[in-house]
Amino acid sequence: MVLFLVGCGFAVLSGVAALLVNGPRPARWIAAMGVWIGCGLASIPVVSALGGQAPQPLQWAWSMPGGSLSFALDGLSAFFCLPILFVSPLAALYGVGYLAGHTRSLKAVLFFYNVLVASMLLLVATRNGLLFLVVWEIMAISSFFLVIFDDEHAHVRRAGWTYLVATHIGTAALLAMFALLGAGADSLDFGVLAAVGRSPTMATVLFALAVIGFGSKAGFFPLHVWLPQAHPAAPSHVSALMSGVMIKTGIYGLLRVLTLLGAPSAGWGWALVVVGLMSGLLGIAFALAQNDIKRLLAYSSVENIGIITLGLGVGILGMSWEQPALVVLGFGGGLLHVLNHAMFKSLLFLGAGAVVHGTGIRDIDRLGGLMKRMRWTGLAFLVAAAAICGLPPFNGFVSEFLIYIAAFHGVRAASPETVVLAICILTGLALIGGLAAACFAKAFGMVFLGEPRSDHAGGAHEAGAAMRWPMAALAVACVAIGLLAPGAVRGVLPAVAVVAGGDPKAMLGPAAGAIRDLTGVVHVSAALLLVTAGLLLVRRLLPRGTQQTETGTWDCGFARPTPRMQYTASSFAQPLVDLFRTLLGTRKRGIAVRGFFPPRATFETDTPDAAHERLFVPLFRSIDRLVVPIRRMQHGRVHEYLLYIAATLVLLLLFWKAGIR
Amino acid sequence: MTSHLNWGLPLAAWLLSPVILGIINRVKAFFGGRKGPSLWQPYYDLFKLLRKGSVYSRSTSGILRAAPAVILACMAVCTAILPWGAFRAPVSFVGDVVLLAYLLGLARFATVLAALDTGSSFEGMGASREVQYAALAEPSFFLGMLVLVLHSGFQGLSGILSGVSANTGHGGNLLLLLVAGSWFVLLLTENSRIPIDDPNTHLELTMIHEVMVLDYSGPDLAYILYAAALKLWIFSTLIVNLIFPLHSLPWWSQIPTFLLGMALVAVLVGVVESILARLRLLQIPKILIGSATLSLIALIVKWMG
């Protein structure tokens with residue numbers, strides 16, 4: 001356990017060293033090496049915890065009331081450490097290449113990146129409410145500074161502000177939650193909090209606060225508003241870390257609090273199922289309507305958080321209905337999707353970063369043809385795109401498969417609620433899957449295939465080696481988890497056991513079926529790869545298999561096709577976007593084509609965030625109107641402020657004298 | 001039945017699937033008052049294409065070249081999951097239905113990307129329509145499957161379908177017909193037949209699937225055509241297993257009955273294609289949602305008792 005803390009400390013110290021050292025190049029390497037070594041050190045206790053040898057928990061006294069410096073690694077913590085330990089070093093290495101050429105606020109980014117990594121690791125290991133909140137805040141603040149890296153742009157500052165407000169609304173809910181949790185206990189240590197008996201109403205209030213507090217970090221709809229603003233603003237390796245890893249700390253927090261609340265009620269499970277389906281469907285619908293590649297990816301994170309939450313909801317329902325198969329499949333699927341999403345979403349953000357780096361544009365409608373110019377980035381992005389759509393033989397399929405079979409397993413004609421649950425999961429997941437395929441066919445197809453739609457895209461260059469290798473490693477991980485699926489399910493069982501409150505060995509029984517089915521899936525996936533390779537070989541061995549002629553694309557007889565005549569991302573997504581128009585509220589502007597000799601015509605669409613525009617902007621405006629009168633007290637005259645202080649002091653003294661406490 | 005013999009099922013699918021296309025064409029020719037091509041014409045076409053060289057667009061990358069193998073591999077692997085009545089599929093495990101749906105999804109993803117690879121606006125249009133209709137069609141497959149699972153318990157596809165055809169005659173027939181109807185709409189959609197799509201038109205603007213493979217030639221086109229035949233075989237197999245009481249027949253008559261059923265589905269597709277006009281594109285989402293509703297009605301009836 002000490003080794004774990006030393007690892008975190010090493011990451012922070014190397015960040016400080018990067019601040020002090022002269023010159024951008026050594027600073028970049030020192031910071032990245034610090035993350036590698038720090039994560040390497042921390043991974044030793046994590047691996048042994050996953051193997052069943054949990055390190056000795058640490059507990060030191062702390063002068064704060066109710067607080068103690070206590071850390072431990074159980075199955076759940078260790079599992080959530082995995083994406084952090086795998087993605088952070090890779091993204092840091094990528095950052096070395098990505099940040100080359102940047103000098104402005106470079107060292108701040110390096111420092112806060114390392115602080116963010118260390119704070120995420122600490123967060124999943126803390127075992128005290130107060131310490132948890134402090135680390136949570138360090139994580140929020142360090143990521144805020146990473147988001148506002150390009151702070152000379154107004155939209156970046158606005159994104160940072162939105163993020164700061166959103167994360168603090170969450171923190172406020174968490175503060176209230178921990179205060180209520182600690183009522184009647186003399187310490188905020190998790191062990192103590194779990195032992196306190198609570199009424200069902202109290203537990204439900206606590207659960208609701210946890211969903212709001214952690215949901216604003218994880219990106220539950222409609223608390224997701226900061227994601228589509230912050231991710232395009234932050235540097236790409238930071239977006240990868242935030243979207244792939246940091247938002248999962250919200251899921252971790254929710255699960256950890258669940259272990260403190262005692263036996264869950266079915267209502268919580270239903271709530272999470274509804275939240276999950278809403279986030280999933282709306283997230284992917286909004287993603288489909290976006291033109292900015294990083295904004296699209298941010299919305300797709302909302303979708304994947306939805307799938308994870310759906311899995312957790314199924315797990316909770318399984319607990320309250322006492323169906324061990326549902327518990328293992330639901331929690332197992334959700335948790336495995338946490339790991340899988342960390343792999344492919346980080347990879348997608350790194351790929352998008354390489355595109356932005358190589359072309360300087362994020363607008364999908366102006367990209368195209370990059371597959372021939374950026375072959376490695378293209379291949380890695382393709383793997384991640386297929387994985388995020390849940391297609392076999394990649395890892396995304398494995399976790400979605402578990403949730404699907406949970407739906408079928410749970411269904412019993414005799415009990416109406418299981419049928420309703422199955423209908424929700426099956427229609428929801430199938431529709432989400434179909435829309436995700438459309439969304440990522442658009443994202444990959446329009447960016448990497450066809451002909452370049454602008455000169456910037458035509459002059460693209462491949463990313464350097466420091467950026468390519470991390471992408472390759474993540475792509476390999478996507479394939480490996482897909483082909484080693486039964487092992488992945490075994491690996492997730494200790495974490496499921498912590499949440500469901502059982503022995504990991506007892507989980508093996510209900511999981512045995514899933515492991516057997518996934519063995520079947522892996523066999524078919526392997527057969528698929530072999531048959532594909534065989535067909536490619538046969539294709540070459542045919543009489544004229546290698547005889548190829550090159551010509552232009554068939555365009556129905558038109559003689560002079562230009563790249564501008566290609567289908568664009570907007571036109572590709574238009575039918576589906578129109579189908580969901582009441583939800584999306586896509587705005588169309590432009591001058592239509594009129595007459596035989598039309599003058600200049602334009603067309604523009606954008607899809608602003610519905611939750612932001614229709615919920616939060618009006619809400620904050622009305623709050624603003626309420627608090628305006630207070631402004632009269634604020635006029636900048638120092639002597640009046642002194643008067644306020646003196647008056648308050650006198651009042652407090654009077655109260656004290658009168659014995660009112 | 002030993003597992004080695006069961007490999008005969010996918011083998012038969014690989015050998016016989018082009019005949020389905022031949023039957024459909026003969027039925028259409030009959031309705032058009034023509035004699036029509038031979039039933040074996042699809043085989044001649046495939047062999048002819050396999051012996052040719054290929055033409056590629058300069059705009060394309062490796063995606064277009066790799067896609068046909070991926071698409072055909074998906075279909076070929078899918079046939080190993082499908083049972084024929086009491087003859088279980090060689091590969092069967094709980095949840096293989098989900099894998100079947102996602103393998104079809106992978107094939108579609110590859111087709112769509114290959115279409116976008118050419119940079120043609122026609123193919124982009126087809127790709128855009130394909131992903132839209134696929135997203136709407138997917139739920140209806142799973143809802144139908146849920147009805148069957150309620151009927152025969154959750155197991156591998158072989159178990160689910162054999163449970164269904166063994167239980168017919170207990171008043172469940174009507175439900176199965178509803179599911180079969182819903183899946184028949186899926187068959188027409190997924191295989192780009194009239195009234196959803198037209199496999200014969202040469203007006204690129206109105207097509208969905210055919211327009212996406214405009215730039216293929218030679219062996220690649222052969223792979224694509226063969227994959228299309230296998231896909232039709234896969235969907236027909238599901239429907240035949242659903243509506244024919246194969247299980248209650250003596251073992252020696254099951255295979256002839258199954259093949260007869262496949263031929264009947266092909267005839268039905270041909271008849272639909274001959275007597276209906278293609279729908280306007282804007283109407284297609286409605287018919288897909290209608291198909292999902294059929295399954296949902298079956299589900300509710302099943303659930304109420």
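1. Helices H2 and H3 of chain B. In this predicted model, helix H2 (residues 8–31) of chain B packs on helix H3 (residues 41–50) of chain B at an angle of about 125°. Their axes are 7 Å apart. H2(B) and H3(B) are therefore oblique to each other. From H2(B), the contact uses Pro18(B), Leu21(B), Gly22(B) and Asn25(B). From H3(B), Gln41(B), Pro42(B), Tyr43(B) and Leu46(B) meet them. By class, this contact has 5 nonpolar residues, 3 polar and no charged.

2. Helices H8 and H10 of chain B. Here helix H8 (residues 173–190) of chain B meets helix H10 (residues 218–243) of chain B. The angle is about 170° and the axes are 10 Å apart. Angles over 145 degrees count as roughly antiparallel, so H8(B) is roughly antiparallel to H10(B). H8(B) contributes Leu176(B), Leu177(B), Val179(B), Ala180(B), Trp183(B), Phe184(B), Leu186(B), Leu187(B) and Glu190(B). H10(B) answers with Lys231(B), Phe235(B), Ser236(B), Leu238(B), Ile239(B), Leu242(B) and Ile243(B). The contact of H8(B) with H10(B) divides into 13 nonpolar, 1 polar and 2 charged residues.

3. Chain B as a whole. Chain B contains 12 helices and 1 strand. Along the sequence, the order is α-α-α-β-α-α-α-α-α-α-α-α-α. The C-alpha atoms of chain B occupy a box of roughly 60 × 40 × 40 Å along the principal axes. The radius of gyration of chain B is 19 Å. A compact globule of 305 residues would be near 19 Å, so the value agrees. Buried residues account for 62% of the 305 residues in chain B. Take the contacts in chain B between residues at least 6 apart in sequence: 78% of them join residues at least 24 apart.

4. One glycine in chain B. Gly159(B) sits in helix H7 (residues 157–167) of chain B. Is Gly159(B) buried or exposed? Gly159(B) has 20 other C-beta atoms within 10 Å. The cut-off for buried is 20 or more, so Gly159(B) is buried. Leu50(B) is 109 residues away from Gly159(B) along the chain. The C-alpha atoms of these two residues are separated by 38 Å.

5. Helices H17 and H20 of chain A. The axes of H17(A) and helix H20 (residues 465–483) of chain A come within 6 Å. They cross at roughly 40°. H17(A) and H20(A) are therefore oblique to each other. On the H17(A) side, the contact is made by Asn395(A), Phe397(A) and Val398(A). On the H20(A) side, it is made by Cys478(A), Ile481(A) and Gly482(A). These residues divide into 4 nonpolar, 2 polar and no charged.

6. Chain A as a whole. Chain A has 26 helices and 5 strands. Its C-alpha trace spans about 100 × 70 × 55 Å along the principal axes. For 661 residues, a compact globule would have a radius of gyration near 26 Å; chain A has 26 Å, so the two agree. Of the 661 residues in chain A, 55% count as buried. Among contacts in chain A between residues at least 6 apart in sequence, 80% link residues at least 24 apart.

7. Domains of chain A. The assignment divides chain A into domain 1 (265–529) and domain 2 (610–657). How far apart are the centres of domain 1 and domain 2 of chain A? Taken over C-alpha atoms, the separation is 46 Å.

8. Where the chains meet. The contact takes 70 residues from chain A and 65 residues from chain B. Several elements of chain A each supply at least two residues of the side that touches chain B. They are helix H15 (370–373), helix H17 (395–410), helix H18 (416–448), helix H22 (504–541), strand E3 (548–551) and helix H23 (569–579). Which helix gives the largest share of that side? H18(A) does, with 16 residues. By class, the side of chain A that touches chain B has 43 nonpolar, 19 polar and 8 charged residues.

Technical notes: Residues are numbered from 1 along each chain as its sequence is written. Chains are lettered from A and ligands numbered from 1 in the order in which they are written. This is a predicted model: local features need pLDDT of at least 70, side-chain atom pairs count only at pLDDT 80 or more; totals for chains, interfaces and linings use all residues. Domain bounds come from an automatic or database domain assignment. Axes are lines fitted to C-alpha atoms, for helices over the stretch in contact, and angles run from 0 to 180 degrees between N-to-C directions. Helices (H or I, at least four residues) and strands (E, at least two) are DSSP runs, numbered from the N terminus. Angles under 35 degrees count as roughly parallel, over 145 as roughly antiparallel, 65 to 115 as roughly perpendicular and the rest as oblique. Two residues are in contact if their C-beta atoms, placed from the backbone, lie within 7 Å. Ala, Val, Leu, Ile, Met, Phe, Trp, Tyr, Cys and Pro count as nonpolar, Asp, Glu, Lys and Arg as charged, and the others, Gly among them, as polar. The radius of gyration is taken over C-alpha atoms; the globule rule is 2.2 Å times the number of residues to the power 0.38. A residue is buried if 20 or more other C-beta atoms lie within 10 Å of its own, exposed if 12 or fewer, and partly exposed in between; C-beta atoms are placed from the backbone.
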